[in-house]
Amino acid sequence: MTYENKLPSGFETDTVDLDSDKKLGIKLCAVTGIAAAVLIVLGCLIKNISLLFDASGFFALLGRFILIMLIIAACLIGQEYLRCFVLGELTSKPARVVRGRMSARIEYKCWLDKRSYIIMSLAPAAAECLLMIILMLVLPAKLFWQCYVIFVVILAGAAGDVYIAYRLLREKREVRIKNEGYKILIATEK
């Protein structure tokens, strides 16, 4: 695995900003929404969705949904801390999590090769999804849908990372990648 503190000469940089590129953002949201809907339909084939709404009153149901939202937020922030850990293991370089008002992101200073970046960006979501699958299998049936909703949201949250990984895998030339805030810098050999 390769990483550099500075971009080597002979590379040209392109920026991917999913927040600024509205057309790409809409396409990504549409694909993610369709995938989430398909996953929910598949979940309905596995377990009856009425288990999600089976509560002893309005406040119990509201409490359940608030708990699900808090767990989702913890999982999404946890992904960033897992990325810091994975990046540290891959490069021995420090990384830190920067939390915003409604988001968190990782900051690091080195350029990564294709393989390192894909591992760093997708492994945390994959680990959390695996954890949710295990919980779906071992917890009682009445908790299946809570775990499944969290599973679907984690997968949907990884859509941007999957898009970048797809783009990197299609690239035939040597590539270096770096996150700068919410922008992804992709440098390819000239």
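At what angle do H4 and H6 pack, and how far apart are their axes? In this predicted model, the angle between H4 and H6 is about 165 degrees, and the axes lie 10 Å apart. Angles over 145 degrees count as roughly antiparallel, so H4 is roughly antiparallel to H6. The crossing of H4 past H6 is left-handed. On the H4 side, the contact is made by Lys114, Tyr117, Ile118, Ser121 and Leu122. On the H6 side, Asp161, Val162, Ile164, Ala165, Leu168 and Leu169 make the contact. Sorted by class, the contact of H4 with H6 has eight nonpolar residues, one polar and two charged.

Let me step back to the overall layout. The protein has six helices and seven strands. Read from the N terminus, the order is β-β-α-α-α-β-β-β-α-α-α-β-β. Along the principal axes, the C-alpha atoms of the protein fill a box of roughly 65 × 30 × 30 Å.

Back to H4, with its next partner. H4 and H5 pack with their axes 9 Å apart, at an angle of about 165 degrees. H4 and H5 are therefore roughly antiparallel to each other, and their crossing is left-handed. From H4, the contact takes Ala125, Glu128, Cys129, Met132, Ile133, Leu135 and Met136. From H5, the contact takes Phe144, Cys147, Tyr148, Ile150, Phe151, Ile154 and Leu155. By class, the contact of H4 with H5 has 13 nonpolar residues, no polar ones and one charged.

H3 brings Cys75, Gly78, Gln79, Leu82, Arg83, Val86, Leu87 and Leu90 to the contact. H4 brings Ser116, Ile119, Met120, Ser121, Pro124, Ala125 and Glu128. The class count for the contact of H3 with H4 is nine nonpolar, four polar and two charged residues.

The largest pocket holds about 960 Å³ of space. Its lining has 33 residues, and those nearest the centre of the pocket are Glu80, Arg83, Ala104, Gly157 and Tyr182. Several elements give two or more residues to that lining: helix H1 (22-46), helix H3 (58-91), strand S4 (104-107), helix H4 (114-138), helix H5 (144-157) and helix H6 (159-170). Which element has the largest share of the lining of the largest pocket? That is H3, with six residues. Arg83 is one of the residues nearest the centre of the largest pocket, and Arg83 is also among the H3 residues in the contact with H4. By class, the lining of the largest pocket divides into 16 nonpolar, ten polar and seven charged residues.

The second largest pocket has a volume of about 220 Å³. It is lined by 14 residues, and closest to its centre are Leu28, Val31, Thr32, Ala35 and Ala159. At least two residues of this lining come from each of H1, H5 and H6. H1 gives the most to the lining of the second largest pocket, seven residues. How do the residues of the lining of the second largest pocket divide by class? There are twelve nonpolar residues, one polar and one charged.

Note on methods. Residues numbered from 1 in each chain as written. Predicted model: local features only at pLDDT ≥ 70, side-chain atom pairs only at ≥ 80, totals over all residues. Heavy atoms only, no water. 1 Å grid on protein atoms, 1.4 Å probe; cavity = no way out; pocket = protein on both sides within 12 Å on 5 of 7 lines; lining within 4 Å. Points joined across faces, edges and corners; volume = space filled by probe spheres on them. Helix = DSSP H or I, 4+ residues; strand = E, 2+ residues; numbered from the N terminus. Nonpolar A, V, L, I, M, F, W, Y, C, P; charged D, E, K, R; others polar. Contact = heavy atoms within 4.5 Å. Axes fitted to C-alpha atoms, helices over the stretch in contact; angles between N-to-C directions. Parallel < 35°, antiparallel > 145°, perpendicular 65-115°, else oblique. Left-handed = near helix turned anticlockwise from the far one by under 90°.
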